[in-house]
Amino acid sequence: MKIKEGFLLRQVGENHIVVPVGSQSVDFRCIITLNETGAFIWKKLQAPCTEQELVEALVAEYDAPRDVIAADVQTYLSALREKNLLDE
């Protein structure tokens, strides 16, 4: 899975903002603000990867239990799927 084409992640000050561009700006008329962890996952999803690869990358990056990270990744991916932001 990966993020659909037509969305750019930008950092403005300390904020991470996802902006739709091109044809996506017609269908998706809002801006998404991400925290540091959300931006980390978004960046990983710029290239195809699996849910397990995301979990492994987060375990290596953050000091949190694997089961908590796995649950959070599932929640995050569900939100992306709801907004139709993933190519799977």
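Q: How many bridges join β2 to β3?
A: Six, and the two strands run antiparallel. Strands pair if DSSP finds at least two bridges between them. This is a predicted model: local features need pLDDT of at least 70, side-chain atom pairs need 80 or more, and totals for chains, interfaces and linings use all residues. Residues are numbered from 1 along each chain as its sequence is written, and side-chain values use heavy atoms, without hydrogens and water.

Q: Which residue is the bridge partner of Leu 8?
A: Val 19, in β3.

Q: And what does Gly 13 do in the hairpin?
A: Gly 13 takes a positive phi near 65°. That hairpin of β2 and β3 has two residues between the strands.

Q: Switching to α2. Which of its residues are buried?
A: Gly 38, Ala 39, Phe 40, Ile 41 and Trp 42, in a helix spanning residues 36-44. Buried means under 20% relative accessible area, exposed over 50%, partly exposed in between (1.4 Å probe, protein chains only). Helices (H or I, at least four residues) and strands (E, at least two) are DSSP runs, numbered from the N terminus.

Q: Where is Tyr 62?
A: In the loop between α3 and α4, 22 residues from Phe 40.

Q: Why does Tyr 62 count as partly exposed?
A: Because its relative accessibility is 24%. Phe 40 is at 16%, so Phe 40 counts as buried.
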